[in-house]
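Visitor: I am new to reading protein structures, and I would like to learn how to look at strands, sheets and helices. Could you take me through some of them?

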Amino acid sequence: MMERKREMGIAHFARRIKQPRGIWVKMTFIVVLGLCFVFFWSILSSSASSFNVQRESFDDIAEPVSARTKSAHEVTESSKLHERGKVESGSKSKEGKKVGGPSVHKHETKKKKEHVVSHPHKKKDVPKPVVEEVVVKEDQEHEEAESDDSDQSNKEDGEEGTESDGNEGDSDGYGDDSVDEQVEEKNEEVTVTEISKKRKRKGPVFDPKAEYSWRLCNTRSKHNYMPCIDNDGLIGRLRSYRHRERSCPKKPVMCLVPLPHDGYDPPVSWPESKSKILYKNVAHPKLAAYIKKHNWVNETGDYLTFPQNQTQFNGNVLQYLEFIQEMVPDIEWGKNVRIVLDIGCSDSSFVAALLDKDVLTVSLGLKDDLVDLAQVALERGFPTFISSLASRRLPFPSGVFDTIHCAACGIHWHSHGGKLLLEMNRILRPNGYFILSSNSDKIEDDEAMTALTASICWNILAHKTEEASEMGVRIYQKPESNDIYELRRKKNPPLCEDNENPDAAWYVPMKTCIHEIPSAIEQHGAEWPEEWPKRLETYPEWLTSKEKAIENTNHWNDMVNKSYLTGLGIDWLHIRNVMDMTAIYGGFGASLVKQNVWVMNVVPVHSPDTLPFIYERGLLGIYHDWCEPFGTYPRSYDLLHADHLFSRLKNRCKQPASIVVEMDRLTRPGGWVVVRDKVEILEPLVEILRSLHWEIRMTYAQDKEGMLCAQKTLWRP
């Protein structure tokens, strides 16, 4: 009966359609059919896209099986599970902050996507240098083993975000007043369709058919151009000289920074550079005016000289250090305290004096330093990086600095709810020291600072005036456990949420909360490191990949001693500032500890987060995304080391050639780059360097892996 009624209904509907007055019924019927078609098509296309995303994570199934296949498979499974969750800037488990192995960065607020590195093409013939073949062969085996973990971690991070386009902010400087809102907007979940669309872009890192025509950058800061710091947009030129926060150009920088107006000569070698540098290499109009007002730097002929008896501490910087250690004997410069952050760049006498005590100090050159004293510090050979200190976190993990020092740095730590001091609390090691020195303390600032430090449970160990420098010195200590936080009457600032990752540092806004202090043995920062130099070869309990870290250290010790120091033609007497662009466990930097160099270990934001371990062993490091320019002045480094940087960044950056341009900006004329990578990457890279008039000093290839060593010249277009 029901079937008959249905047939009668359909027949009646058909007769209505045939009638003239049924035109509206016809239109309605067509619309309904169209909507049904769109609905079913969207379901089918969504399913297809979802399938593509899952399948992409197995691009390496054709790779040879190695000893690490099991761990790599575990990472892949982990990445698939993590893909189902919501993408967040900070998603750290409450159990602990393990480092190494499958651990990857969770600190990119704007998540970035990365493709899996495809198999290299068959290599072409490359001239062999005079290098021990055994060494290169060992290195090849090491890289193959290491690439398993790197590729897997890249895939895990790649599942979470989109491809980086090298633009994290507006080039014109607008929006600086609402940085927090901008950052939060970047933390959006990417749809499966967008991920599938992005992943279709595959191919070689460098376009083999590309031809490069270079030009000089036409910027307001000229030879001191820092792309992500200088405010050089058309509208921005009417505003402040530099961005309030890091803000990169919308398009990758493909121009070359000019040399200083009077040219550039080879810098003074270390250790002579501690006392004098060539003036024209750092010449700046505001620097000239600054020199006339300060006696710690003098213009002597072609040089800037730095008298030892003239410092901001009235010539008694050594006495100042001794005064601090007398107040707090546990500080023990060079033993208990090895890694120090110095806020602000002035005469660098504090940094220089600590170097003699085996203390490695990195200076934070604030972006408001328009005199460019940070560039002077770099030219002298002192570890320095440039950043703003406003509303975003500094690019460091949590709890890594043994001591933070601020001597007349002019920062109002208690302003904006104490946000800046809470950032210092984040990166300061539990039981670490915060040293605050000033010539004149205002009563209002003194009371506000006292209230703020008490609210975050910092213990004031000493407060005295150093007679020689007439500086009031306060030494605070961060607590070593969470128990004291529960004793506060007012829970303000509050403890951070459990899902707030304290190691998240790339484009992440500062938080007005206190991170819990690590307590479990598997968490980094739960215990104070061994004394220096024992900590260099100590592998803590929380490091989940001790064998790989030991292997990495032994490998680079062999490579540096057998090849780098003698076989590449590099004059190490003229090498002081070194950067490892893809530091993993810091093995390369550790192998150079006995040389007269310092190494900035850069851990890319898309790779496993091993930076806490690098600090644990007493070395310096920083997070960075190589799709963007680095935060420092041009001509800052004597040597750049890039171990499989480009193969790990494959299809991640919008314009990979801009990384080579950045390497040109970072390197001093006469400086060196050493690149180890796949042959299919090195061949076009050699041509790009030649187009920049770099001198290719060495190339070597074995199987699908290769190495090149090149030296920068004075050429500018």
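Guide: Let us begin with a single pair of residues, keeping in mind that this is a predicted model. Ile 696 has Ala 710, which lies in strand S19, as its bridge partner.

Visitor: Which strands pair here, and in what sense?

Guide: Strand S18, residues 695-702, and strand S19, residues 705-711, are joined by seven bridges and pair in the antiparallel sense. The hairpin they make has two residues between the strands, and in this hairpin Asp 703 takes a positive phi near 60 degrees.

Visitor: In what order do the three strands of the open sheet with S3 stand?

Guide: Their order is S3-S5-S4, and the pairing is antiparallel. At the edges you find strand S3 (276-278) and strand S4 (298-300), each of which pairs on one side only, while the twist from one strand to the next averages 30 degrees. If you look at S4 and strand S5 (residues 303-305), you can count three bridges between these antiparallel strands, and Thr 300 has Tyr 303 of S5 as its bridge partner.

Visitor: Why is one side of S8 and of S11 left without a neighbour in the sheet?

Guide: Strand S8 (384-387) and strand S11 (459-466) stand at the edges and each has a single partner strand, so one side of each is left without a neighbour in the sheet. The sheet itself is open, with seven strands in the order S8-S7-S6-S9-S10-S12-S11 and mixed pairing, and its neighbouring strands are turned against each other by 20 degrees on average, direction ignored. As one case of the pairing, strand S7 (residues 360-366) runs parallel to S8 and is joined to it by four bridges, with Leu 366 standing opposite Ser 387 in S8.

Visitor: Which helix packs on this sheet, and which strands does it touch?

Guide: Helix H11, residues 419-427, packs there and touches strand S6 (339-343), strand S9 (401-407) and strand S10 (428-438), and its direction makes about 135 degrees with that of S10.

Visitor: How should I read the faces of a helix, and is H18 mostly covered or exposed?

Guide: The general idea is that an α-helix has 3.6 residues a turn, so residues three or four places apart point the same way. In helix H18 (residues 657-666), ten of its ten residues are buried, and the helix is mostly covered; among them are Ala 657, Ile 659, Glu 662 and Arg 665.

Visitor: What do the buried residues of H18 pack against?

Guide: They pack against strand S13 (577-580), strand S16 (637-643) and strand S17 (667-678), and also against helix H17 (645-648) and helix H19 (679-691).

Terms used. Residues are numbered from 1 along each chain as its sequence is written. This is a predicted model: local features need pLDDT of at least 70, side-chain atom pairs count only at pLDDT 80 or more; totals for chains, interfaces and linings use all residues. Side-chain values use heavy atoms; hydrogens and water are left out. Two strands pair if DSSP finds at least two bridges between them. Axes are lines fitted to C-alpha atoms, for helices over the stretch in contact, and angles run from 0 to 180 degrees between N-to-C directions. Buried means under 20% relative accessible area, exposed over 50%, partly exposed in between (1.4 Å probe, protein chains only). Contact means heavy atoms within 4.5 Å.
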